[in-house]
Amino acid sequence: MMIEEKRQKTGENIISVVSILALILLSACGSPSSETVRADKWQSFSGDKRIEHRVDSVLKLMTLEEKVGQMTQFSANWSVTGPVMSDDFQSYLEKGLIGSIFNATSIDGIRRMQKIAVEETRLGIPILFGQDVIHGYKTIFPIPLGEACSWDLEMMRRTAEIAAIEAASDGINWTFAPMVDIGRDARWGRVMEGAGEDPYLGSKVAEARVIGFQGGRGAKSLNSLTTLLACGKHLAAYGAAESGRDYNPAELSEHTLRNVYLPPYKAAIDAGVGTMMASFNEINGVPATANHWLLTEILRNEWGFTGFVVSDYTGINELVPHGVAKDEKHAAELAVNAGVDMDMTGATYIKYLPKLVKEGKVSEKSIDNAVRSILEIKFLLGLFDDPYRYLDEERAKENTMTPEFMRTARKAVASSVVLLKNDNQILPISKESGKTVALIGPLMNDSINLNGEWAGLGDRNKSVPIFRGLTEKYKGSSVNLIYAEGSSITETTAGKIAEAVSAARRADIIIAAMGEDFNWSGEAAVRTDIRLPEPQHELLKALKGTGKPIVLITLSGRPLDLSWEDENMDALLQAWFPGTQGGYGIADVIAGDYNPSGRLVISFPRNIGQIPIYYNQKNTGRPVDLNNETVDYKSGYLDTSITPLYPFGYGLSYTTFGIDHAKIDKNVLKTKGDKITVTAHVRNTGSTDGETVVQLYTRQLVASVTRPVKELKGFQKIALKAGESKQVTFELTSDDLAFYGIDMQKKTEPGNMKLWVAQHAADNSNEIDFSIE
Ligand code: BGC
């Protein structure tokens, strides 16, 4: 017998009494006006009538309090990212008043809690277990910002899939990922968690990661034992925080919101994401958590989202300090009426929603619709059929850190690394080179920092230090390695520097691994100085004094200001936080076993004063001439260029590539239903096989609203043998060129256009004119 049928029998009497009571109360208070209703009509996520029927058969057994319990999530008190608001966790669990628990990180713990929910409560509704599985669960992949630099969507899909396999095998059903916030501000520590500054690339990555976690586009794949329910976050514009300060307001026009910040959330929804998270920040005066326009009008009515919305951690309670709710009860009212279906850890729903319904401030219909969406997901995950189905120690063992996962992680590291500079082809250092190499720096023999922030259950002691990667790589070869730490991340001494300098003097080449502590990025980790910490800089200056060539590997969760390093180092390798296989993947690049193919997804500033800096900026009425950057009443700086140190899309390889013969098949495109085909030849002009990312940019010169000076519209990562050339083909449709104009409608406008088939955003070669009519 199905669980819900069984419950129906036992719960029948209670239910009829409760619903009658609720009806009486509602009619006494008067129904809330339609504006306060979350969604008039419930739309199922799966569109499966059988499941809808099962959902309703449970819903009708539930008391109002039990319904509100389903809309409540608590943290199991392990690692929390904020204050835990309720100490009544256990009693809520025992009364069947919890819908979801997160951070319950062990099969045993999950089994214990699930058993209480299913076997010891009146209705026995299973709990949904969540966790922040962001860039791996136990096998940790490079931080998402780094991984996006691979521009390899299939790889990103696969790493999300592996993360899901590991986590689901450990009893987790739901991940709060992917984070798809556009990040244009390197001060903001959470840039590490997204895919950078571009809405087009961000949308593609969002899609790949959702499909990776959920196992496909449809609701059906959620039933697999190796997939996770995904959560697109943080809706919306969390990355637009003023001054880069976490949780700060996003003050931005609807124009920028729609054209730049919203597309990746929409892409996550189009890829079938089952849940969305409301962001902490306000947008133009209204916190997202209380924002009906955002969470209902745009998310549900305009985009057709049919999953459920969870608040961020105590995001509902925070409506009080935000200053839009007079107390937590009022906060609960605002949030539920805006469209937040589940309260993450704040305990506001469980405490106040029943009263609010009774007072007529919240409709029971909107509660029912929220609960339906939550129950539906539990059905899709198979939890009603077998609440223990994800709990199998044997499967967990088999599905954790397998050799194949390790190989994928190693490849992910190598392809995320971005080679920013390589004078005199100092890299790679081949095994036959016979060189003595001095390995120096605080992050050279470090494993603790490698996983970066949001690293799931990744064992920080198990990550492979760069030192180990290089030692194993060059073992038995003619390359001789010597090591001196030189400094910690934040401190050094004259003695340590002298030791490093002495090692450097004995070497032909220096490789220094430097950068940030892993917890200098991530949540609430904002920096106003993004240069290397002074002790590391001191060490680099001393090494420079030896006159030996220096390769600097930087590990960081954000773009750093590398202006000094760009001038003074011979090679720069941006390695982000690379995860479990960090040392191996980086050693593959250093030794030339992997030819770097990473390209930046976020601009590197010349100094912090340029931030926010991004390639798809507006021209202004007084644009700076980049060939002659005089500042006379132009939109420039007195003391630096307006260009970044390294632009979006930029990265070198051990070979070089050329693009030529760019052509389009026609010069005029209609505003609707038309397309042009763009072709170009890409050639590997060097002597090493390699991969490059061919990037298609456009610009609309005249429109009803100003348009960015460049916009990415397509890319292809292609492999070319030394000397080989290939034709690349892009199709550009009228829809690809649509944008939100003055009327906030998305459409394609007539106008003169340019396009570029380029190697990065500042590459103006292969320019072609065309027009839209
Ligand atoms: C973060 C979310 C995260 C949640 C749960 C919050 O502080 O903003 O991204 O999913 O905590 O850990």
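Select Ala 236 to begin: this residue is found in the loop between strand E5 and helix H9 (254-261), where helices (H or I, at least four residues) and strands (E, at least two) are DSSP runs, numbered from the N terminus. The model you are viewing is predicted, so local features need pLDDT of at least 70 and side-chain atom pairs count only at pLDDT 80 or more, while totals for chains, interfaces and linings use all residues. Residues are numbered from 1 along each chain as its sequence is written, and side-chain values use heavy atoms, with hydrogens and water left out.

Most peptide bonds are trans, and most residues other than glycine have a negative phi.

Next, move to Ser 243, which is placed in the loop between E5 and H9 and has a positive phi, near 65°. For another positive phi, select Ala 524, where the value is near 50°, in the loop between strand E14 (509-515) and helix H20 (534-544).

The tour now turns to the cavities. On a 1 Å grid over the protein atoms alone, a cavity is a set of points where a 1.4 Å probe fits but cannot get out, and its lining residues have an atom within 4 Å of a point. The count comes to 7 cavities of 30 Å³ or more, where grid points are joined across faces, edges and corners and a volume is the space filled by probe spheres set on the points.

Select Gln 70, Gly 96, Thr 121, Leu 123 and Ile 125, which lie nearest the centre of the largest cavity among its 13 lining residues; this cavity has a volume of about 100 Å³.

Finally, select helix H6 (144-148), helix H7 (153-168) and helix H8 (199-214), each of which supplies at least two residues to the lining of the second largest cavity, whose volume is about 60 Å³.

How values were computed
1 Å grid on protein atoms, 1.4 Å probe; cavity = no way out; pocket = protein on both sides within 12 Å on 5 of 7 lines; lining within 4 Å.
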